[in-house]
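Welcome! Take a look at the sequence and the structure below, and then let us walk through a few of the places inside it.

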Amino acid sequence: MADTDFVMVDETNPEPKPEMHKVIYVVDKSGSMSGKGGAQMLANGIRGLKEKAAPDKTTLVDVVYFSFDAVKVMQGTDLAEIDDSLLAGLVRMYTPGGGTAYMDSLAAEIKTLMADADLHDGKPAWKTAMIYIITDGLDNQSKISREELRRLIGKAENYFIIPVLVGGGAADAMGAGADIGIPKGRNLQYTESATGSRAAYDAAAALAARVQESWDDENAGPVFRSAAFTDEERCASQQPDLFKAPASSKRSMDQIAESDEEEEASAGPRYRSAAVA
């Protein structure tokens, strides 16, 4: 090409960017999660999301592990670029211990998303931001009140932030979610079995995919409000394993409570960041 040659660039019709959606997993790592394979279930759930998410849209994934405080172990990672090595890193970083403070962790994620959107005149870069809280127990450590969190979740709707509570064991997802303002359709109870846990993560992936596939800027409100688990997903998530462990191998509720309180006296920041190893 000669020095005087040039290429015309049409800046009036730039190439459109793919729709961007966010999926944030906020995963319980309290003492009661010990021995339950929580990180491996998460890794399998992200694999399921890769299979189900809309291929023509960009999905960015965050992962937060919480007990009495929280650590972000993955941030803004393109789902298409998540491979087995990254998932193995998530598994290695999962070390259960401490109490349960999912309300504080959920509030921190919502506030971060809203602050990011407000930097752009209240117009978020994402179409939807789904936050999955995955826990096996009731919150016993959070500083934020249920009333304050309920108001925050109400404001989050204006930013198309969709909190979802997925609970096993004593979590009482339906009641606990409703108490903080999450619509019942977005709360899912699962049986603490390999079958039930796998089905719960599959349901979470399928819900995100349905929202992405049906998203329409001109019809955003109805799509947002209709986001819910199906009856089939609820049924599948409450299936026991075919072969159960002997009763003697199961921990009592008192043992679970004790393990949740093991590190309650530990000091440190309630929210911090870390990179996947």
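Y94 is buried, with a relative accessible area of 10%. This is a predicted model, and in it Y94 sits in the loop between α2 (84-92) and α3 (102-118).

## Two phenylalanines

The rings of F160 and F224 also make an edge-to-face pair, because their planes stand at 70° and their centres are 5.8 Å apart. This pair, too, links distant parts of the chain: F160 belongs to the loop between α4 (146-156) and β5 (161-168), while F224 lies in helix α7 (residues 220-226), 64 residues apart. Is F160 buried or partly exposed? With 25% relative accessibility, F160 counts as partly exposed, whereas F224, at 5%, counts as buried.

The count of aromatic pairs comes to five. Ring pairs also join Y25, Y132 and Y201 into a cluster.

## An arginine inside

F224 leads us on to R186, as its backbone oxygen lies 2.6 Å from a polar atom of the R186 side chain. R186 is found in the loop between α5 (173-179) and β6 (187-190). Although R186 is buried, it has no salt bridge. The nearest side chain of opposite charge is E157, 5.3 Å away; a salt bridge would need a distance within 4 Å.

Which residues surround R186, leaving aside neighbours within four places in sequence? Its contacts are I162, P163, V164, L165, F224, R225, A227, F229 and R234.

## The nonpolar cores

The largest nonpolar core has 44 residues, and Y25, V63, Y65 and Y132 touch the most other members. Helix α6 (residues 194-214) gives the most to this core, with eight residues. Apart from it lies another core, of 31 residues, including I24, L113, M114 and I133.

Not counting residues up to four places away in sequence, Y25 touches L42, G45, I46, L49, V61, D62, V63, V64, Y132, I134 and Y201. Both of its partners in the ring cluster, Y132 and Y201, are on that list.

How values were computed. Residues are numbered from 1 along each chain as its sequence is written. This is a predicted model: local features need pLDDT of at least 70, side-chain atom pairs count only at pLDDT 80 or more; totals for chains, interfaces and linings use all residues. Side-chain values use heavy atoms; hydrogens and water are left out. A nonpolar core is a set of buried Ala, Val, Leu, Ile, Met, Phe, Trp, Tyr and Cys residues joined through side-chain atoms within 4.5 Å. Buried means under 20% relative accessible area, exposed over 50%, partly exposed in between (1.4 Å probe, protein chains only). Helices (H or I, at least four residues) and strands (E, at least two) are DSSP runs, numbered from the N terminus. Contact means heavy atoms within 4.5 Å. Lys and Arg count as positive and Asp and Glu as negative; His and the chain ends are not counted. A polar contact is a pair of N or O atoms within 3.5 Å; within protein, one must be able to donate a hydrogen and the other to accept it, and residues adjacent in sequence count only if both atoms are side-chain atoms. Rings of Phe, Tyr and Trp (its six-membered ring) pair if their centres lie within 6.5 Å; planes under 30 degrees apart count as stacked, over 60 as edge-to-face and the rest as tilted.
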